[in-house]
Each structure stands twice: as C-alpha cells, then as structure tokens.
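Student: Please show the sequence and the structure first. I will then ask about them.

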Amino acid sequence: MNLEKIGQLILNRRKLKGYTQEELGNKLGVGGSSVSKWERGLTAPDISIMPLLAKELGINIDELLSGNINPKVEQPLNKKYIKIAIIIIIMLLSIFILCSIFIKNEEIFLINSNNDFVSFSGHAMIGKNNCALTINNFKFLNKDLDKKILYYKLELSNEENTLVEYSYDNFDNMEQLYLSKAIEKSFIELIDENININQLKKSKLVIEYIDESEKNNKKDLNFIIEKQ
C-alpha cells in the first residue's frame with residue numbers, strides 16, 4: 001500500500017468535490033487533522049470508513065487502495081453518452097427522411113397581386129393530390145373609387161366552377177358599408193384535392209359589388225403565381 005499515492009488521490013478528489021478537510025472529516029466522523037494525515041501520506045484511513053470515504057470521493061475501494069483512478073470505470077459513462085448520441089442522430093436522420101418523403105411531392109408557390117385596384121398576397125401548397133391555398137392582406141389602392149355599397153363578393157373560380165368565395169350582404173343593415181372596408185376584410189382559403197398548379201394559374205379572382213345606385217360592378221384582380 002503506497003500511502004503517498006493514496007494521500008494524493010484523496011487530496012485531488014476532495015478538492016474536485018469542493019470539500020475542505022474539516023467538511024470531509026465531518027462526513028466520515030473523523031477530524032480534519034485525520035484527513036490531513038491521510039493526504040500527507042502519514043497514515044491510512046481506517047478500513048471501517050474506507051467504503052464511505054470512497055463513496056464521498058466518487059471512486060471505488062480498489063481505486064482508493066491503489067491510489068489510481070481506473071480508466072475502465074469511466075468507460076460505461078462514455079459508452080452511455082455515445083449510445084445517446086447515436087440514438088439522437090438516428091432520430092434526426094429518420095425525421096429528415098420522413099420530411100423528404102412528404103415534402104418532395106409538394107411545391108410551395110407565392111401569390112402576389114398585379115393590378116392597381118387592390119393589392120393582396122398569399123401562398124399555395126400544391127401536392128400530387130391536393131391543394132391548400134390562402135390569400136389575404138387585401139388593401140384597397142384607389143381611394144377615388146371608394147363608395148358605399150349594398151353587396152360585396154370576392155370569388156376565385158376556374159373555367160368550370162367557383163372554387164371559393166367570400167361575400168358580404170348589407171341590404172338589411174342600416175349602416176352601409178364602404179367598398180374599401182369590405183375589401184380589406186376579405187380573405188380566401190381553399191383546400192381542394194382536385195386542383196393542380198396549371199388549373200390554379202388559369203383561375204380568376206373577381207370582385208363583384210352593388211353600389212348605392214344598385215348598379216352591379218365587377219373587377220378582375222390579376223395576380224402572379226411564382227414558385228418559392
């Protein structure tokens with residue numbers, strides 16, 4: 001038994017744990033002077049307190065008696081972290097592969113207005129068998145044409161039928177609505193399994209409204225669809 005090596009190990013591990021000699025002694029039921037003697041290699045800890053001393057220092061009895069930290073003791077901890085890292089990597093790769101499978105068949109398109117009457121924006125996600133579309137942020141640009149209205153409708157349609165519409169009927173409301181306010185409240189949301197990008201590009205966005213003179217008005221809202 002090499003008392004100097006044991007003492008040096010006790011000293012190093014005590015400092016690593018942040019204990020003073022007195023604090024370590026108190027945990028073991030001995031005085032700080034006893035700990036000092038161990039660390040200077042003058043005496044060895046009593047065999048009855050070695051298990052508790054080893055526990056407090058975070059080592060095993062073999063290491064305490066030999067005065068050396070066995071590198072094999074640290075290995076399971078390292079293996080544990082390696083296994084965790086491998087699991088995380090596998091999970092991330094799985095998520096990436098799944099995302100690739102779902103996303104590769106879908107394309108995202110930006111929709112922007114192309115007229116001087118109303119501005120708006122939106123986006124569309126076009127998949128192999130579905131379409132999800134949103135158009136919002138409507139702003140009325142020509143204030144000179146603003147007027148009170150009795151009826152308002154915004155419609156997205158293709159050559160065959162109406163895809164979706166937003167309407168506001170104000171005939172039964174004593175407080176009349178201005179065209180600008182009706183436009184800026186507008187929005188279009190569409191989920192359809194039978195629309196592809198070519199059909200969407202051929203669709204029309206039209207505003208229809210009835211003014212105070214009960215005249216019916218229609219305005220085509222041109223827009224551009226670009227791949228994001």
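**Helix packing, confidence and rings**

Student: How are helix 1 and helix 4 oriented to each other?

Tutor: Helices (H or I, at least four residues) and strands (E, at least two) are DSSP runs numbered from the N terminus. The axes of helix 1 (residues 3-17) and helix 4 cross at roughly 50 degrees and come within 9 Å; axes are lines fitted to C-alpha atoms, for helices over the stretch in contact, and angles run from 0 to 180 degrees between N-to-C directions. Under 35 degrees counts as roughly parallel, over 145 as roughly antiparallel, 65 to 115 as roughly perpendicular and the rest as oblique. Helix 1 and helix 4 are therefore oblique.

Student: What pLDDT do side-chain atom pairs need in order to count?

Tutor: Residues are numbered from 1 along each chain as its sequence is written, and side-chain values use heavy atoms, with hydrogens and water left out.

Student: Which residues of helix 4 make the contact with helix 2?

Tutor: The axes of helix 2 (residues 21-28) and helix 4 (residues 50-57) come within 10 Å and cross at roughly 135 degrees, which makes helix 2 oblique to helix 4. Contact means heavy atoms within 4.5 Å. Helix 2 contributes Leu24, Lys27 and Leu28, and helix 4 contributes Leu52, Leu53, Glu56 and Leu57.

Student: How many charged residues are in the contact of helix 1 with helix 4?

Tutor: Ile10, Arg13, Arg14 and Lys17 of helix 1 meet Leu53, Glu56 and Leu57 of helix 4. Asp, Glu, Lys and Arg count as charged, Ala, Val, Leu, Ile, Met, Phe, Trp, Tyr, Cys and Pro as nonpolar, and the others, Gly among them, as polar. The division is 3 nonpolar, no polar and, for charged, 4.

Student: What is the orientation of helix 2 and helix 3 to each other?

Tutor: The axes of helix 2 and helix 3 (residues 32-39) come within 7 Å and cross at roughly 110 degrees. Helix 2 and helix 3 are therefore roughly perpendicular.

Student: Which element has the lowest mean pLDDT?

Tutor: The chain averages a pLDDT of 82, and 84% of the residues score at least 70. Residues 73-77 stay under 50, with 2 contacts beyond four places in sequence. Where pLDDT is low, the predicted coordinates should not be read in detail. Among the elements, helix 2 has the highest mean (93), and the lowest (62) belongs to helix 6 (residues 71-103).

Student: How many residues apart in sequence are the parts tied together by Tyr166 and Phe187?

Tutor: Rings of Phe, Tyr and Trp (its six-membered ring) pair if their centres lie within 6.5 Å, with planes under 30 degrees apart counted as stacked, over 60 as edge-to-face and the rest as tilted. The structure holds 4 aromatic pairs. Tyr166 and Phe187 form a tilted one, 5.4 Å centre to centre with 50 degrees between the planes. Tyr166 lies in strand 5 (residues 162-169) and Phe187 in the loop between helix 7 (179-184) and strand 7 (188-192), so the parts tied together are apart in sequence by 21 residues.

Student: Near what value is phi of Asn137?

Tutor: Most residues other than glycine have a negative phi. Asn137 is placed in strand 3 (residues 131-140). Its phi is positive, near 55 degrees.

Key: Predicted model: local features only at pLDDT ≥ 70, side-chain atom pairs only at ≥ 80, totals over all residues. pLDDT = per-residue confidence, 0-100.
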